[in-house]
Amino acid sequence: MTLDELSAGKLSVLKTARVGMLAFAIVSLCCPSTMSASAITLGSAQSFAVLGGAGVTIGGTCCTVVSGNLGDDPLDLSSITGFPAPGSLVNGSFYASDQLPLIAEQARADENTAYNALAALPSTANESGVVLGTGGTVSTLLPGVYTFSSSAQIDDTLTLNFNGESNAVFVFQIGTTLTTGSSAAIDVTGTNSTDFIYWLAR
């Protein structure tokens with residue numbers, strides 16, 4: 001899997017204010033879905049920036065920086081390629097079946113538990129076929145559960161506005177893959193440390 005795919009349980013957490021992606025009309029918050037999602041945690045997978053199950057590869061020439069732990073389970077370290085160049089790992093360590101395997105195994109189990117719970121949440125809005133971002137048709141969203149029957153696409157800047165809410169959640173349930181343009185970015189506003197963004201793709 002490459003870094004523009006989501007990790008093996010296909011679950012990713014985004015908490016950065018501005019993110020260049022490797023990887024809508026404004027919709028009102030649907031309280032039941034958001035309250036349910038806010039109770040879901042990643043457990044030991046929280047410290048992983050990337051957690052794969054079929055290999056992790058950094059491509060290109062330069063210079064992808066991964067901040068946090070990087071793991072692959074049940075494969076070994078040889079399944080993780082592209083380091084130390086063109087990729088580099090900071091603020092974390094590598095974990096696999098031959099490198100502290102119990103850590104990778106537990107993180108993968110916790111990730112899968114969270115993925116299943118998030119995938120079961122009722123949808124706030126079905127955005128199938130909608131291109132997100134200023135290069136698409138909808139550029140701003142409020143917290144909720146957004147469903148895509150197949151792939152989701154982001155072009156230019158997508159703004160996720162938490163609107164100052166606490167314990168608010170964005171969940172993107174994507175049927176296949178997340179596709180991003182070369183200038184795609186996510187701008188997160190109005191957030192605090194209790195808010196989360198989850199990306200799920202199969």
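I am working with a predicted model, where local features need pLDDT of at least 70, side-chain atom pairs count only at pLDDT 80 or more, and totals for chains, interfaces and linings use all residues. Residues are numbered from 1 along each chain as its sequence is written, and side-chain values use heavy atoms, with hydrogens and water left out.

**Aromatic pairs**
I looked up ring pairs and found eight aromatic pairs in the structure. Rings of Phe, Tyr and Trp (its six-membered ring) pair if their centres lie within 6.5 Å; planes under 30 degrees apart are stacked, over 60 edge-to-face, and the rest tilted.

I took F48 and Y95 to begin with. Their pair is tilted, with 5.7 Å centre to centre and 55° between the planes. F48 sits in strand β3 (residues 48-52) and Y95 in strand β9 (residues 94-95), so the pair links distant parts of the chain, 47 residues apart. Strands here are DSSP runs (E, at least two residues), numbered from the N terminus. F48 counts as buried at 11% relative accessibility. Y95 is buried too, at 12%. Buried means under 20% relative accessible area, exposed over 50%, and partly exposed in between (1.4 Å probe, protein chains only).

Next came F172 and W199. This pair is stacked, at 4.2 Å centre to centre and 10° between the planes. It joins strand β16 (residues 169-174), which holds F172, to strand β19 (residues 196-201), which holds W199, and the two residues are 27 apart. F172 is buried at 0%, and W199 is buried at 3%. Both rings belong to a cluster of Y146, F162, F170, F172 and W199, linked by ring pairs.

**D72**
I found D72 in strand β6 (residues 69-72). D72 is buried but has no salt bridge; R108, the nearest side chain of opposite charge, is 5.9 Å away. A salt bridge needs a side-chain nitrogen of Lys or Arg within 4 Å of a carboxyl oxygen of Asp or Glu. Lys and Arg count as positive, Asp and Glu as negative; His and the chain ends are not counted.

What does the side chain of D72 reach? It reaches the backbone nitrogen of A54 at 3.5 Å. Not counting residues up to four places away in sequence, D72 touches, among others, A54, Y95 and A104. Contact means heavy atoms within 4.5 Å.

**Disulfide**
My search of the whole structure gave one disulfide. C62 and C63 form it, with sulfur atoms 1.2 Å apart. The cut-off is a pair of cysteine sulfur atoms within 2.5 Å. C62 is exposed at 55%, and C63 is exposed at 52%.

Notes. Helices (H or I, at least four residues) and strands (E, at least two) are DSSP runs, numbered from the N terminus. A polar contact is a pair of N or O atoms within 3.5 Å; within protein, one must be able to donate a hydrogen and the other to accept it, and residues adjacent in sequence count only if both atoms are side-chain atoms.
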